[in-house]
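Here are my notes on this structure, as numbered points. Keep the 3D view open and follow along.

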Amino acid sequence: MVRKTYGLVALAILVAVTGCGGGGGRGAPAPSSAAPSSAPSGTPAPAGSGPAAAPDVARWTKWGLSPLPAAPAAPADKPIKLKATGPVPVFSEVPTHDKVVFVTIDDGAEKDPKFVEMLTDLKVPVSMFLTRDIVKDDYGYFKPLQALGNHIHNHTTDHPVMSKLSPERQKSEVCDAQTALTQQYGTAPLLFRPPYGDGANTPALNTAVQQCGPRAIVLWRESMQIHDMQYQASDQKLKPGDIILAHFRGPKDLKGESMTAMFGELLSRIHEQGFSVARLEDYVQPPTG
Ligand SMILES: [Zn+2]
């Protein structure tokens, strides 16, 4: 029961991608701390597993935010199960009763070191849909975000309107990005998102995706702007399992706001509605065998 209203939003956000702007003045990546855990002295924190500890409030207040509720444990039986062959499903939400939403971040134009610091502090899971030609000037920027457990997915080589391209060109958009992202990040993207959501339900795009490796096409239910979200639902509310679209964008595209300010607003909109953020890949079963 996928709600098929993506078309309404797809062409409403034909925002020109401005290429690889921003990111100036970025120095060497900050060395990650040698300490295995950020736990204060005293009781040792269980390393990495087990139920989430109480959120480190100081890390949220540093960014002017209130901690989000901890996400529930990842479901043992993942509600979306992908197949190794055949047509790929198209989804914009995950069927779940958990009070969670999923955050996806697209393109990769803005490469703000402060955003890496923010996600390192807050540990909010995100899924990144990267466009090869927008990230190729600095593939390395995304590696610390990947090291936090965040997955990288396929968002074409140069961000075209896919339905205007021949089937062959669509295939090269998906396959060439798949090759580059796999080479750079060491793991093949499982998911694909077409720019603007365009062409998602066309046979030509589905075939191209099948030929190149991703096993699903992922759209969204909400789109984050600068301060607020655009909702497809008429009641303007988040629903359990909604996928939210955001972008790696900086002041040039956000009327002077920073990536971290935009992301803080996004988290505030989620917090207001009592949701937590879960990891999309915890709800999606890759093909087995
Ligand atoms: Zn995009």
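1. **Overview.** The chain has eight helices and 12 strands. Remember that this is a predicted model. Of its 289 residues, 46% count as buried. The chain exposes about 13500 Å². Carbon and sulfur atoms supply 56% of that area.

2. **Contacts across the sequence.** Take the contacts between residues at least 6 apart in sequence. Of these, 77% join residues at least 24 apart. Several examples follow below.

3. **Strand S3.** Start with S3, residues 100-107. Eight of its eight residues are buried, so S3 is largely enclosed by the rest of the structure. The cut-off here is under 20% relative accessible area.

4. **Partners of S3.** Which strands pair with S3? One is S4, in the parallel sense, over four bridges. Another is S10 (residues 243-247), also parallel, over five bridges. S11 (residues 276-277) pairs with S3 in the parallel sense too, over two bridges.

5. On the S4 side, Thr104 has Ser127 as its bridge partner, and Asp106 stands opposite Phe129. On the S10 side, Val103 stands opposite Ile244. For S11, look at Val100, whose bridge partner is Ser276.

6. **From S4 to S5.** S4 also runs parallel to S5, and four bridges join them. Met128 stands opposite Ile152 in S5. So S4 has a pairing with S3 and a pairing with S5, as a DSSP pairing needs at least two bridges.

7. **Phe115 in helix H3.** Phe115 lies in H3. Why does Phe115 count as buried? Its relative accessibility is 0%. Leaving out residues up to four places away in sequence, Phe115 touches Ile105, Tyr141, Leu145, Phe248, Met259, Thr260 and Phe263. Take Leu145 as a case. Phe115 and Leu145 are 30 residues apart in sequence. In space, their C-alpha atoms are 9.1 Å apart.

8. **The zinc site.** Which residues coordinate the zinc ion? They are Asp107 (OD), His155 (NE2) and His159 (NE2), at 2.0 to 2.1 Å. Along the chain, the donors follow the spacing D-x47-H-x3-H. Asp107 sits in S3, while His159 sits in the loop between S5 (151-154) and H6 (167-185). These two residues are 52 residues apart, and the pair links distant parts of the chain. Asp107 and His159 are both buried.

9. **Thr156, a backbone check.** Thr156 is found in the loop between S5 and H6. Its phi is near 75°, a positive value in a residue other than glycine. Thr156 is buried, with a relative accessible area of 0%.

10. Tyr196 is not a glycine, yet its phi is positive, at about 65°. Tyr196 is found in the loop between S6 (191-192) and H7. At 13% relative accessibility, Tyr196 counts as buried.

11. **The disulfide.** How many disulfides are there? The count is one. Cys175 is joined to Cys212, with an S to S distance of 2.0 Å. The link is left-handed, with -90° about the S-S bond. Cys175 lies in helix H6 and Cys212 in helix H7 (residues 203-212), so the pair ties together parts that are 37 residues apart in sequence.

12. **Burial of the two cysteines.** Are these cysteines buried or exposed? Cys175 is buried, with a relative accessible area of 16%. Cys212 counts as buried at 11% relative accessibility.

How values were computed:
Residues are numbered from 1 along each chain as its sequence is written. This is a predicted model: local features need pLDDT of at least 70, side-chain atom pairs count only at pLDDT 80 or more; totals for chains, interfaces and linings use all residues. Side-chain values use heavy atoms; hydrogens and water are left out. Donors are N, O and S atoms within 2.8 Å of the metal (3.2 Å for Na, K and Ca); water is not among the atoms, so sites may look incomplete. Buried means under 20% relative accessible area, exposed over 50%, partly exposed in between (1.4 Å probe, protein chains only). Contact means heavy atoms within 4.5 Å. A disulfide is a pair of cysteine sulfur atoms within 2.5 Å. Accessible areas come from the Shrake-Rupley method with a 1.4 Å probe; for residues, only the protein chains shown count as cover.
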